[in-house]
Amino acid sequence: MKKIYTWVLMLSIVFGLTQCSKTSNEEDPTPAPGVTKTELLAGKSLKTWVMISSKIDGKEVFNQSLVCSRDDHTIYRTDKTYEVNEGETKCYSQDPQTYEKGTWSFNTDETELIINNEQRFKILELNNTTLRLSIKTLFGETIERTFKKI
């Protein structure tokens, strides 16, 4: 009888463990059907993004930036305005918290993010949690930046 009890207990544990699903506090990056690119970028009223990667011609250079600038974040609003903020750590205490403001838009087919009617970033990825952009410089270099939603 003791062997049967042990066998049933072991089967219960194994079965119970196989039924567990991995849970995560992270938001599902897959957008729901019908969500617009504006909602993905700016949420229902605004969405905040922080850069996590910066590459020049495929070479990661983010860690070469000043530590105090790595927590800077960009806020996109549904009214087509944006601002760039210092984050928690400022490089110089006298610097303003918000150091850039402007407007944003998409091109007609929403494959480019246009900043202040001047800079045109190709949208490589845009979902609920990730924004990945690229731009070609005047020198022919390709800069790719990846942001995560905060």
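One definition before we set off: a residue is buried under 20% relative accessible area, exposed over 50% and partly exposed in between, with a 1.4 Å probe and protein chains only. You are looking at a predicted model, where local features need pLDDT of at least 70, side-chain atom pairs count only at pLDDT 80 or more, and totals for chains, interfaces and linings use all residues. Residues are numbered from 1 along each chain as its sequence is written, and side-chain values use heavy atoms, with hydrogens and water left out.

**Stop 1: the whole chain**

Colour the protein chain by pLDDT, the predictor's confidence in each residue from 0 to 100. The average is 85, and 81% of the residues score at least 70. Now select residues 1–24: here the pLDDT is below 50, and the stretch has zero contacts in the model beyond near neighbours in sequence. A contact means heavy atoms within 4.5 Å.

Switch to cartoon view. Helices (H or I, at least four residues) and strands (E, at least two) are DSSP runs, numbered from the N terminus. Of the 150 residues in the chain, 31% are buried.

**Stop 2: the core**

Next, select Leu41, Tyr76, Trp104, Leu113 and Leu131 and show their side chains. Within the largest nonpolar core, which has 19 residues, these five touch the most other members. Such a core is a set of buried Ala, Val, Leu, Ile, Met, Phe, Trp, Tyr and Cys residues joined through side-chain atoms within 4.5 Å. Among the elements that give two or more residues to this core are helix H2 (37–42), strand S5 (98–106) and strand S8 (130–136).

Centre on Leu113 and ask: which residues does Leu113 touch, not counting those up to four places away in sequence? The list includes Leu41, Tyr76 and Trp104, along with Phe106, Phe121, Ile123 and Leu133.

**Stop 3: the salt bridges**

Look for a side-chain nitrogen of Lys or Arg within 4 Å of a carboxyl oxygen of Asp or Glu, which is the rule for a salt bridge. By that rule the count is five.

- Select Lys44 and Glu39: their side chains meet at 2.9 Å, N to O. Lys44 is exposed at 73% relative accessible area, whereas Glu39 is partly exposed at 24%.
- Move to Arg77 and Glu83, whose closest N and O atoms are 3.2 Å apart. Arg77 is partly exposed at 24%, but Glu83 is buried at 13%.
- Then pick Arg120 and Glu112, which pair at 2.9 Å, N to O. Both partners are partly exposed, Arg120 at 43% and Glu112 at 22%.

**Stop 4: the disulfide**

The chain has one disulfide, defined as a pair of cysteine sulfur atoms within 2.5 Å. The sulfur atoms of Cys68 and Cys91 are 1.8 Å apart, and the link is right-handed, with 90 degrees about the S-S bond. Cys68 sits in the loop between strand S2 (59–60) and strand S3 (73–77) and Cys91 in the loop between S4 and S5, so the pair ties together parts 23 residues apart in sequence. Check the surface here too: Cys68 is buried at 18%, while Cys91 is partly exposed at 28%.
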